[in-house]
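Grab a pencil and try these exercises on the structure below.

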Amino acid sequence: MTGRPGGRPLVPAYLSTGGVARPSRPQLERLSVLTGTGEPAPGDLPAAQLALLEELDDGSLTVVEAAALLRLPVSAVRVLAAGLVDRNLVLARAPIPPAERFDPDLLKRVADGLRALKHN
């Protein structure tokens, strides 16, 4: 999917998705984690989906990481990944939400408590 000196792919992104513009699973986000199921790839799999499966052979990737490796737009990788999830070839997990910030007062009390233990 790469090949031009300027870094642009030889095949436009919409062709890599078979002309599909929206993923069948809208819950797939940029930071959704993709993992291959280990099932063998069927023979009728398009080249772009096969390339995505090959990238997932070594472990899990987020959608945005896979897009960077495949040199495709995130929107195209979302479509490709959704198709693979539909065929039970890839598992998708929602991104881990950011942790809530701790109360600074609580952190101060814990630090004071640790200092008190150290001096005893």
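**Exercise 1.** At roughly what angle do the axes of α3 and helix α4 cross?

Solution. Keep in mind that this is a predicted model.
- Start by finding α4, which covers residues 74–86.
- Next, look at the axes: those of α3 and α4 come within 9 Å and cross at roughly 110 degrees.
- Angles from 65 to 115 degrees count as roughly perpendicular, so α3 and α4 are roughly perpendicular to each other.
- Now for the side chains: V63, V64, A66, A67 and L70 in α3 meet V74, V77 and R78 in α4.
- Sort that contact by class and you get seven nonpolar residues, no polar ones and one charged.

**Exercise 2.** Describe how α2 and α3 meet.

Solution. 
- Helix α2 spans residues 47–55, and helix α3 spans residues 63–70.
- Their axes come within 10 Å, with a crossing of roughly 115 degrees.
- α2 and α3 are therefore roughly perpendicular to each other.
- The crossing of α2 past α3 is right-handed.
- On the α2 side, A51, L52 and E55 make the contact, meeting A66, L69 and L70 of α3.
- By class, this contact of α2 with α3 has five nonpolar residues, one charged and no polar.

**Exercise 3.** In what order do the strands sit in the open sheet?

Solution. 
- Three strands line up as β2-β1-β3, with antiparallel pairing.
- The edges are β2 (61–62) and β3 (90–93), each pairing on one side only.
- β1 (residues 33–36) is joined to β2 by two bridges.
- Zoom in on L34: the bridge partner in β2 is L61.

Conventions:
Residues numbered from 1 in each chain as written. Predicted model: local features only at pLDDT ≥ 70, side-chain atom pairs only at ≥ 80, totals over all residues. Heavy atoms only, no water. Pairing = 2+ DSSP bridges. Helix = DSSP H or I, 4+ residues; strand = E, 2+ residues; numbered from the N terminus. Axes fitted to C-alpha atoms, helices over the stretch in contact; angles between N-to-C directions. Parallel < 35°, antiparallel > 145°, perpendicular 65-115°, else oblique. Left-handed = near helix turned anticlockwise from the far one by under 90°. Contact = heavy atoms within 4.5 Å. Nonpolar A, V, L, I, M, F, W, Y, C, P; charged D, E, K, R; others polar.
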